[in-house]
Amino acid sequence: MEARFHHRVKNMKGLCFLHPCIVGSVTSSNRMEAQQASPDSSSEECTVLEALPDKGTALICSQHKGKVSVLYCLACENSVCEDCMNGEHAEHPTDSLENIVDQQLAALQDRVDSAKNRLPQIREAVQSLREILQQLNSQRSSIEEDIHSSFSELHKTLDTRKSVLLMELEVTSGLKQKVLQAQLDTLLQEEAAINYNCSLTGEALDGENKAVILQTHKDVGERLRDLASQGLPLQPEENDQLDLMMEIEGLRKSIHNLGTIVTTNAVASQTEASGEGLEQCIVGQPATVIITTRDKSGGLCKTGNAIISAEVCTPDGSVADGEIVDHKNGTYEFQYTVKKEGNFSLALRLYDQHIRGSPFQLKVTCSPDDSPPTTTAANAASTGSSDGGARKRSAKSPGSRSRQKGVRRAGSLFSTPKKRVNPIEDDLIFRIGTKGRNKGEFTNLQGVAACSEGKILIADSNNQCVQIFSSTGEFQSRFGVRGRLPGQLQRPTGVAVHPNGDIIIADYDNKWVSIFSSEGKYKAKLGSGRLMGPKGVSVDQNGHVIVVDNKACTVFIFQPSGKLVTKFGSRGNGDRQFAGPHFAAVNNNNEIIITDFHNHSVKVFNADGEFLLKFGSNGEGNGQFNAPTGVAVDVNGNIIVADWGNSRIQVFDGSGSFLSYINTAADPLYGPQGLALTSDGHVVVADSGNHCFKVYRYLQ
């Protein structure tokens, strides 16, 4: 009733129910406005609130002019006069108009009070946000100063080294020049002396004057003999070598990767904790709590680096020993040990704010038998989702996350270039790689291919090369030189193997596709001048090269010679359109399967580019995608898709119906990219976020 009354008052344009002691006069223009009420006013209403100048503050019934409304019809929620009550409102329940006004005044006052009670909370939140904004700006300014300072120091160091090299060059070349110049001066002096004395002797011989000849022999002959027999430095006493050795490429790569801005989107109000360590632990034995960070929408954070603190306190204030381990996938592990029994408080904080459920009440006992059979309601709820905060501890590099069941254990976080034994029984056979630039190391690996000879090829995008491994994970070779000339690689993203053994590489930044021999020797390129940003490549049953142009949202089909066979697709959301397509695969019917990244779907076309079907939608359920990437097809026509945003691998039949997942729970994926089927029927996937590739069992 109050809501309807309030709505009616709102539509009366200034006329309202008021207590008789505060009702004021309403002009005739107000009455006109009241009679021209809002479009939802009804003709069935028999009373309009108004007041006449000669009636003071009384409310006058519009249906019975001159009659004062003193009652309120509860059924119609309107004020009425006595004539109204003798008419159509005769059987309606009524109450005193004054009582109703008093009630509604009280209700309005309660609502005002309730609204005002929120003001302290709002002000506190505003103050907190202002402090965070101030701290954010302060951090930004501080980091900006650090960047300027660091690079200024680097400039100074480079300038100093430049001066040292120039000085060293000057000294070294000067010493060499001094030796060579002295030798040159000596030889020139000897040459001049010989020429001079020979000239004098020649004049004497030409004159045939015996006296002159005797005198010349006496004065010059001895000198000529000495000049003729004198040992001269005829061989160079110094060389001209001056070389500069500078490892520019290594330094350039180091500078390219110098520094990173570290942050997360995690918020304390959505971050939760789980594990037995929230409820109980045994004296002297380590206990564990898993903290899962989430963003403002409740989505799982993908990287580590959050500033988390944790402390276990007794009522007297003492703190237990503990350590936070950053799993680098958005989850953190707090490991602690308590040395005495009793009731404790476990506080978990994110950015100095308690996460959900924090602080938790913790029971410490001497043995498992002493532990309580049930947990408190607060802690029981927090095992699924909890709130809290911790002692500051930040990580330095982003890592992996898990969208699958279970939490990654600390021992499975770090990639190695060697084969790993799977610690948990699932489909993982082994993983290869870690972050780096050496053999068997990767930086943003993307495309994957497998050939009948049992080789696995990886497009190592940021290392500008392709690395080749055996089917059992042993490194065999790699090739690729960074550059923008034919035969060089700038950003290889896709790789495929032609039936003739040639290796086909999509080079996103060079905007062409390069063809190399099976030994890694450059042969040709195709698509130059047509492609804008090729991402994935594949080969169909005719030996044609299928290129997925991510930037142009178009699929190109070329002959190996470079001749364009056909192309299809454009930017958009339609069946024949794409939004950032990634990779391609071809089935036994020569049908082309494309992953449509931003449209969260997979689309199938025939060899001529005619649309056949699509499947998938945005989400986390079975058959849904969050930006699909890699794709492969088995001998039965089943389609295997890397679900990048959901960090999983799904399997569908040829018509797009969901079949199953590949179990990746033991060592969760983080942003999988390229997919391929090996010659022995296993699935190999580029786990780009973990800087490795993994091989899984796949039962066809």
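Two strands are said to pair if DSSP finds at least two bridges between them. Helices (H or I, at least four residues) and strands (E, at least two) are themselves DSSP runs, numbered from the N terminus. The model is a predicted one, in which local features need pLDDT of at least 70 and side-chain atom pairs count only at pLDDT 80 or more, while totals for chains, interfaces and linings use all residues. Residues are numbered from 1 along each chain as its sequence is written, and side-chain values use heavy atoms, with hydrogens and water left out.

**The whole chain**

Of its 700 residues, 41% are buried; buried means under 20% relative accessible area, exposed over 50%, and partly exposed in between (1.4 Å probe, protein chains only).

**Two hairpins around β33**

Select residues 628–633, strand β32, and then residues 639–643, strand β33; the two pair in the antiparallel sense over four bridges. They form a hairpin with five residues between them, and G637 in the turn has a positive phi of about 85°. V633 has I639 of β33 as its bridge partner.

Continue to residues 648–652, strand β34, which pairs with β33 in the antiparallel sense over five bridges. Here four residues lie between the strands of the hairpin, and S647 takes a positive phi near 50°. The bridge partner of A642 is I649 in β34.

Which way do the side chains of β33 point? I639, V641 and D643 point one way, I640 and A642 the other way, and all are buried.

Now show the side chains of R648 and D643, which meet in a salt bridge (2.9 Å, N to O). The term denotes a side-chain nitrogen of Lys or Arg within 4 Å of a carboxyl oxygen of Asp or Glu. R648 counts as buried at 8% relative accessibility, and D643 is buried with a relative accessible area of 0%.

**An open sheet**

Move to the open sheet of four strands, ordered β28-β29-β30-β31 with antiparallel pairing. β28 (581–586) and β31 (611–615) stand at the edges with a single partner strand each, so one side of each is left without a neighbour in the sheet. Within this sheet, β28 pairs with β29 (residues 592–596) over four bridges in the antiparallel sense. A585 has I593 of β29 as its bridge partner.

Next, select D575 and K614, whose side chains meet in a salt bridge (3.5 Å, N to O). This pair links distant parts of the chain, 39 residues apart: D575 is in the loop between β26 (570–571) and β27 (577–578), and K614 is in strand β31. D575 is partly exposed at 36% relative accessibility, as is K614 with a relative accessible area of 42%.

Select residues 97–207, helix α4, in which I147 lies. I147 counts as partly exposed, at 39% relative accessibility.

What do the side chains of K176 and E238 form? They meet in a salt bridge (2.9 Å, N to O). K176 lies in helix α4 and E238 in the loop between α5 (210–229) and α6 (248–256), so the pair ties together parts that are 62 residues apart in sequence. K176 is buried, with a relative accessible area of 14%, whereas E238 counts as partly exposed at 26%.

**Last stop**

Finally, select R431, D667, D687 and K694, which are linked in a network of salt bridges.
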